[in-house]
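I opened my notebook to look inside this protein model. Here is what I looked up, entry by entry.

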Amino acid sequence: MIISSKQLPVGFRFMPTDEELVTHYLMNKVLYRPVPAAQEIREIDVARFYSNHPKNLVTFSCGEREWFFFIHQGESSHASQTRSSIRVVGNGLGFWKPEYGSETPICDEDGSFFASKISLTYFSGRSASHAKRTHWKMVEYYLHEHDHVESNTEEKYQVRRREWILGRMIRGTDYTGF
């Protein structure tokens, strides 16, 4: 059952766990199934995502500090980046840098690794030597390439590439306007 955010009680916050984001949102997106609370996760093309400063991708209202995106990788040059590479934003506006050792596996209920998450920090500036660390953080969730069998339906599917990733963008509390 899919519930609209307008049907939820006052004060409700969209706060899924890492496992819920992957199993109920990203997995459904990849398999072209209905996504619960779809209006809470914006869909964006990877080229548009990486051509904008983080503050230009979000809407500030009611003090939110966290936003979610389905980022469509497709066949673009960003799709071929390695998980450890820096993601340059625009024409040198800044870059997303993965935190050292931040790749964390996500397991299904059987204990099998089927997805991972990577933590990144946004730096403003054209080069790493002159960059300034900002308060913007992001976690990217992606499925591993493999055959997978849904335990409750025995439906088998194959994840061939990282066509979709799910991004959780966070504006830190040390906000200084960047």
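Is Tyr50 buried or exposed? I found a relative accessible area of 4% for Tyr50 in this predicted model. The cut-off for buried is under 20%, so Tyr50 counts as buried.

Next I checked Phe49. Its relative accessibility is 0%, so Phe49 is buried too.

Then I turned to aromatic rings. My search of the whole structure gave six aromatic pairs. In one of them, the ring centres of Phe49 and Tyr50 are 5.1 Å apart and the planes meet at 85°; an angle over 60 degrees counts as edge-to-face, so that is what I called this pair. I also noted that Phe49 and Tyr50 belong to one aromatic cluster with Phe69.

Which residues touch the most other members of the largest nonpolar core? I wrote down Tyr25, Tyr141 and Leu166, out of 20 residues in that core. Helix α1 gives the largest share, five residues. I also found a second, separate core of 19 residues, with Trp96 and Tyr122 among them.

Last, I followed α1 itself, residues 18-30. Its buried residues include Leu21, Tyr25 and Lys29. Lys29 lies over the face of Trp164, 4.7 Å from the ring centre. Just after α1, I saw that Tyr32 has a positive phi of about 60°.

Key
Residues numbered from 1 in each chain as written. Predicted model: local features only at pLDDT ≥ 70, side-chain atom pairs only at ≥ 80, totals over all residues. Heavy atoms only, no water. Buried < 20%, exposed > 50% of the residue type's maximum accessible area, 1.4 Å probe, protein only. Helix = DSSP H or I, 4+ residues; strand = E, 2+ residues; numbered from the N terminus. Core = buried A, V, L, I, M, F, W, Y, C linked by side-chain atoms within 4.5 Å. Phe/Tyr/Trp six-rings, centres within 6.5 Å; stacked < 30°, edge-to-face > 60°. Lys NZ or Arg CZ within 6 Å of the ring centre and 35° of its normal.
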